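Dear colleague,

I am passing on the structure we spoke about, and I would be glad if you opened it beside this message. Please read slowly and look up each residue as it comes.

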Amino acid sequence: MGSLYFPLLLIITASGLLLETESKTHWEDTKVLKQLKQALNPTSVTPGSCVSSWDFTVDPCDNRLSTKFTCGFRCDVVVSGENRVTEITLDQAGYSASLASLTWSLPYLETLDLSNNYFSGNIPDSLSNLTHLRRLSLSANSFSGELPSSLTSLSNLQDLYLDNNKLIGTIPQSFNNLVNLNRLELQSNNLTGKIPDLGNLKNLNYIDLSDNSFAGEFPASLPVSLLQISIRNNNLSGGLASESFEELKNLQVVDFSSNQMNGSVPFALFQLPSLQQLTLSFNEFSSIEKGPKEKGLESGLIAVDLSNNNLQGVLPGFMAMMPKLSSLSLENNEFTGLIPTQFAVKTVFPENGVSRLERLLLGGNYLLGGIPRPLLTLKRDSANVSLVDNCLYRCPHSFFFCQGGQQKPFAECKRFSP
């Protein structure tokens, strides 16, 4: 028995040592974690925050579930039985620092999320070392300087969040190299210049460039994979071409409000089967491109906002044929003529399977004549209807949608009469 016990004990001891060795954090990863903690302003590392628990007297990956290294990163066994850091997601504890001095030698890192803190300075070029990175979120910090073109070497990147910072300059054309990019969020910065053609990003689903200072014309082509695009509150000018949207069969949301776009609103936008929300308000569009009336039936639009433009002519009757449309705002334009009865019917007596117009805003135009009879039967609070500041007659003040409204001066109405 004694001769068998010793070898068995040796095997058990060796196995224990092997397991202990396998659980160790790679020394390079530990070095980067140390650098990150040392770079932080000590006063921003408050008690109870993730980084306050980082105690390098013990092994980071061995002690993630203990009172030390309680949160802020993740380890996985990825190669040769070694634990490597695959994710750094800091809590929103108000950390502050400049990250320019960090080497970011984390070859297996897939997620880096430093959002909603007070990091500042330039986005370091050394982030290009993170060759396995899939998600980079630096949102809601104080990063400044230009978008580093070095980021475009991250060929595995899928989600890029740089919104709500103080970034300046243009979007590098080399962003087209991010062929696996699914989401691009650059809103609420100080970015300028023209928006580059991003048509090569065949996997891009979401793009938000709102609240910047982009200027020039709209890009000639967009990724056919797009689901949502928002470029509101910029300085874009020129028109929109139907060809830019005809192949975007999966597009669901378009918001180009508060720019300086002009010309015609492409009819192609009303034909996209998946488009649910179209917002082009506060621009300088002067007309809506004409198309076959029956095409309106194919639209999946739920909400359309073309308010505060320079749209002229009669109200687009085809919009009343859109079966899912429930919100329509055409106010503060230069529409003339009568209010089509179809709008009133869709608001009060919609057909089976057709959505009711719960929101119909036509105020601030030069519409003539009387209110369509179905609207006169509308019950209070059953729909939000505004017809104020037009050239209508037979507009009893007892109707909620006319209360407080003013008719345009007769001379002004006459000027726009047919």
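Below I go from the whole chain to some of its parts.

Please keep in mind that this is a predicted model, and that every value below was computed from it. The secondary structure of the protein chain comes to five helices and 27 strands. Of the 418 residues in the chain, 49% are buried. The chain exposes about 19200 Å², of which 51% is supplied by carbon and sulfur atoms. If you take the contacts between residues at least 6 apart in sequence, 52% of them join residues at least 24 apart.

How many disulfides does the structure hold? There are two. One of them joins Cys50 to Cys71, with an S to S distance of 2.0 Å. The torsion about this S-S bond is about -115°, so the disulfide of Cys50 and Cys71 is left-handed. Both Cys50 and Cys71 lie in the loop between α2 and β1, so the pair ties together parts that are 21 residues apart in sequence. Cys50 counts as buried because its relative accessibility is 7%, whereas Cys71, at 29%, counts as partly exposed.

In the other disulfide, the sulfur atoms of Cys61 and Cys75 are 1.9 Å apart. The pair links distant parts of the chain, with Cys61 in the loop between α2 and β1 and Cys75 in strand β1, 14 residues apart. Its S-S torsion is about -70°, so the disulfide of Cys61 and Cys75 is left-handed. Cys61 counts as buried at 8% relative accessibility, and Cys75 is buried with a relative accessible area of 4%.

Lastly, there are the aromatic rings, where the count comes to eleven pairs. In one of them, the ring centres of Phe218 and Phe256 are 4.9 Å apart and the planes are at 50°, so the pair is tilted. Phe218 lies in the loop between β13 (215-216) and β14 (228-230), and Phe256 in the loop between β16 (253-255) and β17 (260-265), so the pair ties together parts that are 38 residues apart in sequence. Both Phe218 and Phe256 are buried. For Phe270 and Phe318, the centres are 5.2 Å apart and the planes at 75°, so that pair is edge-to-face. Phe270 and Phe318 are 48 residues apart, and both are buried. Ring pairs also link Trp54, Phe56, Phe69 and Phe73 into a cluster.

With kind regards

Methods
Residues are numbered from 1 along each chain as its sequence is written. This is a predicted model: local features need pLDDT of at least 70, side-chain atom pairs count only at pLDDT 80 or more; totals for chains, interfaces and linings use all residues. Side-chain values use heavy atoms; hydrogens and water are left out. A disulfide is a pair of cysteine sulfur atoms within 2.5 Å. Helices (H or I, at least four residues) and strands (E, at least two) are DSSP runs, numbered from the N terminus. Buried means under 20% relative accessible area, exposed over 50%, partly exposed in between (1.4 Å probe, protein chains only). Contact means heavy atoms within 4.5 Å. Accessible areas come from the Shrake-Rupley method with a 1.4 Å probe; for residues, only the protein chains shown count as cover. Rings of Phe, Tyr and Trp (its six-membered ring) pair if their centres lie within 6.5 Å; planes under 30 degrees apart count as stacked, over 60 as edge-to-face and the rest as tilted.
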